[in-house]
Amino acid sequence: MYKTKESKTNKRVEKGRSACTHVTKLMGDFLCGTLSEAQVAVMNDHLAKCSRCRKVLSVSRLALQSVAAVGLMKLLRSVQ
Ligand SMILES: [Zn+2]
């Protein structure tokens with residue numbers, strides 16, 4: 001009985017995680033604006049109900065901005 005309950009719980013967690021993994025994989029393209037409308041719809045739908053992925057997205061966005069800023073600084077230095 002205990003085992004059955006445990007495996008059910010694990011299954012639910014795995015299902016949630018795989019949705020998160022899918023969304024996380026799309027995030028790079030989402031931030032670059034290269035996703036299709038259908039993929040953006042999937043992302044927004046998931047982000048609306050998953051605070052974890054919203055956090056990942058905001059961190060990814062910050063990381064992307066800082067990488068872009070570092071790249072810009074390097075570019076400006078190389079010009080000078
Ligand atoms: Zn998620």
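Helices (H or I, at least four residues) and strands (E, at least two) are DSSP runs, numbered from the N terminus. By this definition the protein has 3 helices and 0 strands. Along the sequence, the pattern reads α-α-α.

The model is predicted: local features need pLDDT of at least 70, side-chain atom pairs count only at pLDDT 80 or more, and totals for chains, interfaces and linings use all residues. Residue numbers start from 1 along each chain, as its sequence is written. The predictor's confidence in each residue is its pLDDT, from 0 to 100. For the protein, the mean pLDDT is 85. A value of 70 or more is reached by 80% of the residues. Among the elements, the lowest mean pLDDT (74) belongs to helix H1 (residues 2-32). The highest (96) belongs to H2.

A residue is buried if 20 or more other C-beta atoms lie within 10 Å of its own, exposed if 12 or fewer, and partly exposed in between. Of the 80 residues of the protein, 5% count as buried.

The expected span of a helix is 1.5 Å times one less than its number of residues. Helix H2 (residues 37-49) has 13 residues. From first C-alpha to last, H2 reaches 19 Å, close to the expected 18 Å. The number of buried residues in H2 is 0, so this helix lies largely in the open.

Helix H3 (residues 51-79) has 29 residues and should span 42 Å. Its end C-alpha atoms are 42 Å apart, which agrees. H3 is hardly covered, with a buried count of 1.

Cys-20 is 32 residues from Arg-52 along the chain, yet their C-alpha atoms are separated by 8.3 Å.

Leu-57 is also placed in H3. Leu-57 has 19 C-beta neighbours inside 10 Å, so it counts as partly exposed. Two residues are in contact if their C-beta atoms, placed from the backbone, lie within 7 Å. Neighbours within four places in sequence aside, Leu-57 is in contact with Met-27 and Leu-47. Leu-47 is 10 residues from Leu-57 in sequence, and their C-alpha atoms are 8.8 Å apart.
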